[in-house]
Amino acid sequence: MKRIALVVLTALVFTPSSLRAQTPVFTYQGQLSAAGGVPASGWYDFTFKLYDALGGAAQVGGTVSTNALPVTGGNFAVTLGFGAGAFSGADRWLEIAVRTNGSGTFTTLSPRQRITPTPYAIRAADAAVAAGVAAGAVGSAALQAGSVDASKIADGAISLADLSGTVASNTFWRLSGNLGTTAGTHFIGTRDNQAVEVKVNDQRALRLEPNATSPNLVGGYSGNVVSNGVAGAVIGGGGFAANENRVGGNNSAVLSGYRNEAYGGSAVVAGGDNNVAGRDRGTIGGGYGNRVTGTLGTVAGGDSNSAAGWYSTVPGGSRNVAGADYSLAAGNRAKATNRGAFVWSDAQNADFGSTGTNQFLVRASGGVGLGTNNPQAQLHVRGTNAADYFRGDGSLLTNLAFGSVLGTNNTFTASNRFAGVTTATNGANQFGGTFSGAVRGDGSGLTNLNVSLAGAWGINGNAGTSSGTHFLGTTDDRALDFRVNSARALRLEPNATSPNVVAGYSGNVVSNGVYGSVIAGGGMQFNVNRMGGNFSAISGGYNNEVRGAASFVGGGAYNVAAGNYAAVPGGLRNEAAQHYSFAAGRRAKANHQGAFVWADSQDLDFASSAENQFLVRAGGGVGIGTANVTGLLTVRGSRTGNWTSPLSFIENNNPSGNSGPALRLLSAGHSPDAVLNVGSTGTGKLAAFGNAAGEVANLDTNGLLTLKAGVIVDANSANSNGLSSGIQFGLGSGEGIFSRRGVAGPNQWGLDLCTYWAPRVSIANNGDVGIGTGTNGPQAKFHVAGSLLRVDGPANEQAYLGGDGIGNDVQVGSLNSNVTQVTLYNASTRSFMDLYAQQASVTVLDIRGGSDVAEPFELSQQNIPKGAVVVIDDENPGKLKLADRPYDTRVAGIVSGANGVRPGLTLRQEGVLEGTEHIALTGRVYALADAGETPIKPGDLLTTSATPGHVMTASDRTQAYGAILGKAMTGLKEGRGLVLVLVSLQ
């Protein structure tokens, strides 16, 4: 066994050498001595710290650690570096700490060592900067290009005669406008990398900021600001003191209003105040206090609205939240907080929010009318209607006169109808009227524009201008470009009917012949916005297109408004293809005139199939009067009155006759072989089920369900691992029992007991039982999944078996702070049990069975007594024999077990190097001793003797090297006997 003795370090001397030029790294040599001044040799760990004084003081730079540094004859060398700023010219002192490689604690040496001046040669690196030069020593050839700016030229040093005559020629924009301009060649602006400012009354009104990617345009209040590093931004106007407009995203715009902000890339705020478009390609049309925090989100206007999800939309209203992807919220306090949800909320001052994905929810206390503008119920549908199917047990339907619906045999017949239904027609099913709000005209109604100017617009502004006569622009049929650093920032396209305004990305385009249209912003490389319709608008987003007249795309991406008077408020890949159509959400296709199509977040097209349809794809269901949707269509509300004012009212208003039903419930398409009666099934009964043989089940007014036969749950094996086809307790708390039957997988054909929708106790098909094993089921006869298995015990021992969640061990312990021991005990034999482990790790190991560390060896001799000293048998490799000569360097140990002291720790590997006798290698053990020549005193070094198997005092130190067995802990004055030995082979 290897032994390492700790050495106390007492002195350290440094000699600097081999400084590296122009770098703060240098080499030190030192000397290391052990106790008594003996030069140290071996491997050592060092730490080096730099201080600004001999004692106390502050550390300079970091700590340098060097492990396993070789020390030979006391000498060592190390390379040190404390950072470029460590040697500033002040005194520096080095503090060193050292320890034997990989063991013990560090010893800090004292005193600190002063660093000699040599390392300060690194200061020569600063000589690259000259402190001064002789007068007249720098000629024009030595000047750096562009180093002389206006601050180096005295005012008035350049006269008009120094300027070229061409400067005052036809190279400026005249106050009364210019003729003969060429679009793309002539422009107002600069060719250097400087901003252009246009001022009125010496106040900045417009600023064009250069940018290599896309210039910025800042108009309105002089304090309006575009953040540093932003390109392609536009502030159209508005703002005032302490209420400025701000743009912080590339290719984004604030068009008007005040205190508006556009921070996302390609984001747009069209107007209003206190609005923030905070994510990429977000759009706010106007209003107050609106926020867009979702990418490609849109808020058209209103007050305190928020679009927080991707492709989310708020068309207006107050305090609405479209908080999830592809969601839409409108009205007052509508909260579309689930993916693909559409929520409309009426004027009630209370939140109305979604509860699941892809829902279409409406809160309209005055009723919802389809085909009628005078709804008589929460939902009023006029015209021929059809649905693939309805779901539910009908418990929410009230005031239905089933006597007029069902025949005498409780079956539906052709003559049955709902009471009160009349016949009417929907006419041509066309919309009439006109659209308002369009911008038209040739500008003849504009006043106060008569500006009369006498010259050109000066670079520092003009005085003496005449309103209505002087203007900035062209008098010929040419577009006007505003450029910064030679790049186009804004384009105004002339048109006899109404000019076009193109903003945002410089590649955004309006088709030839189109007039009166606006691209307010958005767009990016390879994803430009395109305008192809007169008097139409694109507010923002990217890769959006308008083809129809007086049509609109609010934002989002890959949306198309192809019909006249069509609208796409935002979202992704929606298309309003025909006149008066509307498409929103994701991949909604309004392909017919007057069609309204809303599609949820599913990545599939959802298209109209006829004119004047109102279509909704909401995978999470449509709610009317409720946010708790329990099917594809849930209608919930509160109505008072009689049969003429039901909660839901469906009418086939066809004046030519009832050619189609007012309501069709389609499930399987087969004639029923059983009957459901509601409200008229006998005294005390709410519903009854029966067949030709009579009643088979009923539900009474106390909620008791009576069945004539047993209950089969999941008869078609549809359950795939949940309560949906199992037995549930309550409507929303998730207690129940189910079995996985429909789909193969973990715990199929087993039984699971649930709380809060999750399996808690499981019984597998083979009889295994699990607690907390989840959907996978038990993996053993009794399987507990969780942090621990607890058994309290009769005395509150609180024993547990488990783990701490790290995964590298299994824990057996107690949760009772007073319990400190774990015992392996056989209650049958009333004895302690052995513990077998491949590897053990303990904080403190208390061995109470013995006092030495022993290892089993094979002995080449028989009947060697306990306490005998043994040596390596050189004639039998791997074996030991009885020691029989003094100072034997082959000494191996002492046979353990003498005087009743057993081994405390035995070392062995089963099947490898196993022996028959335990030999003490270290620790305390009794040994046979011979004090015939020299008495043995406590503390004496012991070695082998001429008496076989006995130890004696090692009085001859020259022979003792390599033959020392250990130290005596008890004495023996004379003769032979037992001595307690602290074994330590040397």
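Biologist: What makes the largest nonpolar core a core, and which residues have the most contacts inside it?

Modeller: A nonpolar core is a set of buried Ala, Val, Leu, Ile, Met, Phe, Trp, Tyr and Cys residues joined through side-chain atoms within 4.5 Å. Buried means under 20% relative accessible area (exposed is over 50%, partly exposed in between; 1.4 Å probe, protein chains only). The largest core has 26 residues, and Val 226, Val 247 and Ala 262 have the most contacts inside it. Another core, of 23 residues, lies apart from it and includes Phe 48 and Phe 76. This is a predicted model, in which local features need pLDDT of at least 70, side-chain atom pairs count only at pLDDT 80 or more, and totals for chains, interfaces and linings use all residues. Residues are numbered from 1 along each chain as its sequence is written, and side-chain values use heavy atoms, with hydrogens and water left out.

Biologist: Which residues is Val 226 in contact with, leaving aside its neighbours within four places in sequence?

Modeller: Contact means heavy atoms within 4.5 Å. On that criterion, the partners of Val 226 beyond four places are Glu 209, Asn 216, Val 218, Ala 233, Ile 235 and Val 247.

Biologist: Why is Asn 224 called buried?

Modeller: Its relative accessibility is 4%, which is under 20%, so Asn 224 counts as buried. Asn 224 is found in the loop between strands S11 (216–219) and S12 (225–226); strands are DSSP runs of E with at least two residues, helices are runs of H or I with at least four, and both are numbered from the N terminus.

Biologist: What does the side chain of Asn 224 reach, and at what distance?

Modeller: It reaches the backbone oxygen of Gly 238 at 3.0 Å. Beyond four places in sequence, Asn 224 also touches residues including Arg 204, Ile 235 and Glu 244.

Biologist: Is Asp 714 buried or exposed, and how do you know?

Modeller: Asp 714 has a relative accessible area of 11%, under the 20% limit, and is therefore buried. It is found in the loop between strand S57 (705–707) and strand S58 (727–729). Beyond four places in sequence, Asp 714 touches Asn 719, Ser 725, Ser 739 and Arg 741.

Biologist: What is the mean pLDDT of the protein chain, and how many of its residues reach 70 or more?

Modeller: pLDDT is the predictor's confidence in each residue, from 0 to 100. The mean is 80, and 78% of the residues reach 70 or more. Over residues 1–22, however, pLDDT stays under 50.

Methods:
A polar contact is a pair of N or O atoms within 3.5 Å; within protein, one must be able to donate a hydrogen and the other to accept it, and residues adjacent in sequence count only if both atoms are side-chain atoms.
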